[in-house]
Amino acid sequence: MCNANYLAKNFYTSPQSEAMTGYSSEAFLEDAALWDRLVHEDDLGRMTQAWDQARAAGTPFRCEYRVITRDEREIWVRDEATFVLDEAGNPLYAQGVMLDVTEQRRNAELLDKEREFVSVLLDAADCMIVVVDSCDGIVRFNETAERLTGYGPPHAIGKSFFTLLPAQEIPAAVEEMAAARSGTSAGRHEGLWLMRGGGVRRVVWSITALPHAESDAHLVVTGIDITAQRSLETQLGHAQKMEAVARLTEGLTHDFNNTLSVIQNYSSFLAANPSLDEAAREDVAEIEKSARNSAGLARQLLVFSRRERVKNEILDVDDIVVGLERLLRGVIGEDIDLIIRPGGNLLPVAGDPGHVEQVIANLAVNARDAMPHGGRLVIETANDRANGSDSPSHVRITVADSGAGIGAEDKGKIFEALYTTKPDGEGTGLGLAVAGRLVDDAGGHVEIESPPGLGASFHVYFPVAGQEAVPHNQPSHSHQGGGRRVVVVEDEPAVRRLVARILTENGFQVIEADQETALGHYSGSDTPDLVVTDVVMPEISGRTLVERIRKVCPDARALYMSGYTDEVMARHGILDADDFLLEKPFSAEELLNAVRQVLEE
């Protein structure tokens with residue numbers, strides 16, 4: 001306790017105060033400036049200002065500041081005093097108490113540091129942490145929760161925890177909170193949390209009770225965002241299904257191509273028969289046309305399962321677009337009006353025809369999904385002066401729909417892998433990403449137009465090639481075999497007989513063989529000029545068969561046939577650059593061209 005008389009200049013300190021500072025009342029009376037020297041220099045101005053203001057106003061003085069004791073210790077004191085005034089309102093003296101709060105201040109600093117440390121830990125945690133009070137109001141919201149949900153502290157603190165949850169999640173949350181407060185294990189819960197800007201996140205969360213002095217308990221809710229994980233699991237499941245479909249497709253397509261080779265070529269044999277009347281000739285022409293169309297469908301199935309061999313050809317884009325019409329009508333459904341507008345006289349482009357088909361098909365499927373209740377899909381082509389060139393430099397394919405259009409926020413992301421605007425579980429996020437990649441690989445680019453509410457138009461630009469498109473049906477060459485010996489090895493008898501007939505009728509000496517016969521037939525004196533073999537056969541691969549024959553007949557050439565895809569053939573070692581491969585189904589002309597190329601190489 002201290003007492004200071006302003007008139008008599010008396011100064012009294014209690015024994016406790018003397019013990020605190022080390023200075024007696026007499027010391028303060030003898031040295032009027034002593035107290036000012038004892039107060040820490042960094043606190044003196046603040047303390048003096050507070051004293052003068054309180055004295056002038058006649059109000060109590062309260063201040064905490066540091067004091068340097070006689071033994072040079074630094075302590076914190078809480079100084080509280082009141083002023084006793086005379087009749088004129090002037091201060092007679094001040095009296096009050098001074099408490100040593102050094103330990104209290106030290107504990108407060110430690111507590112502040114502890115709180116700061118906990119706060120840093122909470123905000124550094126890679127999981128959402130929400131602290132709720134006994135009334136389920138939010139009292140703490142860490143930075144991860146803020147970042148993932150979009151709710152900052154101003155929007156969350158004081159609000160009910162249930163504002164973070166969709167209505168269907170609230171009953172389970174109420175039950176688990178009650179379980180946590182009662183001391184029973186609430187376990188982990190997977191559900192949806194709301195985002196402030198709209199949308200949801202999938203979260204795995206748990207609840208832990210924090211006991212207070214009161215009987216109620218605060219709760220800590222910790223949540224881990226698994227939205228991306230679940231999305232990837234969905235994509236993986238979809239990819240696995242697509243892989244199964246692709247494997248089934250390639251097996252079926254192999255058998256289908258064998259059958260088409262037989263139908264296509266025997267139809268050609270019939271058409272070459274001069275004794276056919278006109279009606280029969282028309283029937284045969286229809287069979288041939290259907291076989292060609294079916295071959296195109298088989299190839300497109302492999303395109304969509306991403307299993308077809310990559311080619312680089314000079315293309316007429318109009319031929320590709322028109323050829324896709326039948327398949328596209330089956331894909332988009334009857335409630336969408338498909339309009340094909342070939343530009344005509346298009347400049348040639350270089351690329352893989354299957355890739356161009358896949359780009360168009362993926363864009364058409366995307367357009368279909370944008371028109372769930374039907375609409376209009378227009379695919380048109382034209383030469384275009386892209387990039388400001390003076391003459392046509394690109395061929396443009398436009399795929400335009402009458403759907404809802406594409407939001408501005410989605411345009412920049414729409415070609416990103418796994419990005420989709422479809423509801424959870426409905427979109428793969430791969431269709432447009434694959435289309436964009438294929439266009440980039442061909443040196444082209446894609447532009448999007450989507451006025452609000454007026455559908456979307458994808459403009460695909462392929463650079464013009466420096467040469468004319470090559471027709472698919474080349475003029476016939478002379479294919480006289482000249483008696484050269486050819487062994488034909490094929491596990492499908494109908495295809496084997498077909499190849500043998502074509503070669504025999506063109507002057508080759510042909511021996512039909514299965515795998516065992518082919519291996520046992522040849523000795524060093526009976527050397528074939530050419531082995532025509534299927535790639536994938538039950539007992540032995542075509543590649544291995546040729547290698548064994550060449551041990552006896554090292555000069556034998558080889559022509560491989562297959563209706564399988566690159567992936568399957570890779571497992572059978574057929575992708576060397578110097579191997580010749582004839583893809584099924586093939587025409588007689590294509591077979592003879594391939595044989596001539598192998599023998600003349």
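Is R501 buried, partly exposed or exposed? With a relative accessible area of 34%, R501 is partly exposed; here buried means under 20% relative accessible area, exposed over 50%, and partly exposed in between, using a 1.4 Å probe and protein chains only.

Some ground rules come next. This is a predicted model, where local features need pLDDT of at least 70 and side-chain atom pairs count only at pLDDT 80 or more, while totals for chains, interfaces and linings use all residues. Residues are numbered from 1 along each chain as its sequence is written, and side-chain values use heavy atoms, with hydrogens and water left out.

**The whole chain**

The secondary structure comes to 19 helices and 22 strands, both taken as DSSP runs numbered from the N terminus (H or I, at least four residues, for helices; E, at least two, for strands). Of the 601 residues, 41% count as buried. Take the contacts (heavy atoms within 4.5 Å) between residues at least 6 apart in sequence: 60% of them join residues at least 24 apart. The chain exposes about 31,900 Å², and carbon and sulfur atoms supply 51% of that; the areas come from the Shrake-Rupley method with a 1.4 Å probe.

| Pair | Angle | Axis separation |
|---|---|---|
| Helix 12 (353-369) and helix 14 (431-441) | about 150 degrees | 9 Å |
| Helix 15 (493-504) and helix 19 (588-600) | about 70 degrees | 10 Å |

The axes are lines fitted to C-alpha atoms over the stretch in contact, and angles run from 0 to 180 degrees between N-to-C directions. Under 35 degrees counts as roughly parallel, over 145 as roughly antiparallel, 65 to 115 as roughly perpendicular, and the rest as oblique. Helix 12 and helix 14 are therefore roughly antiparallel, and helix 12 passes helix 14 in a left-handed crossing. A crossing is left-handed if the near helix is turned anticlockwise from the far one by less than a right angle, and right-handed if clockwise.

On the helix 12 side, H355, Q358, V359, N362, L363 and N366 meet G431, L432, V434, A435, L438 and V439 of helix 14. By class, that contact has 7 nonpolar, 5 polar and no charged residues. Nonpolar covers Ala, Val, Leu, Ile, Met, Phe, Trp, Tyr, Cys and Pro, charged covers Asp, Glu, Lys and Arg, and the others, Gly among them, are polar.

Helix 14 has its own list of buried residues: L432, A433, V434, A435, G436, L438 and V439. They pack against helix 12, strand 16 (445-449) and strand 17. Just after helix 14, G443 takes a positive phi of about 80 degrees.

Now the other pair. Helix 15 and helix 19 are roughly perpendicular to each other, and their crossing is right-handed. V499, I502 and L503 in helix 15 meet A588, L591, L592 and V595 in helix 19, a contact with 7 nonpolar, no polar and no charged residues.

**Two arginines**

Back to R501, which lies in helix 15. Leaving aside neighbours within four places in sequence, R501 is in contact with Y266 and F269. R501 and A588 are 87 residues apart in sequence and 9.7 Å apart in space, C-alpha to C-alpha.

R484 sits in the loop between strand 17 (457-463) and strand 18 (485-489), and R484 is partly exposed, with a relative accessible area of 32%. Not counting residues up to four places away, R484 touches G507, F508, Q509, D529 and L599. For R484 and Q509, the separation is 25 residues in sequence and 5.8 Å in space, C-alpha to C-alpha.
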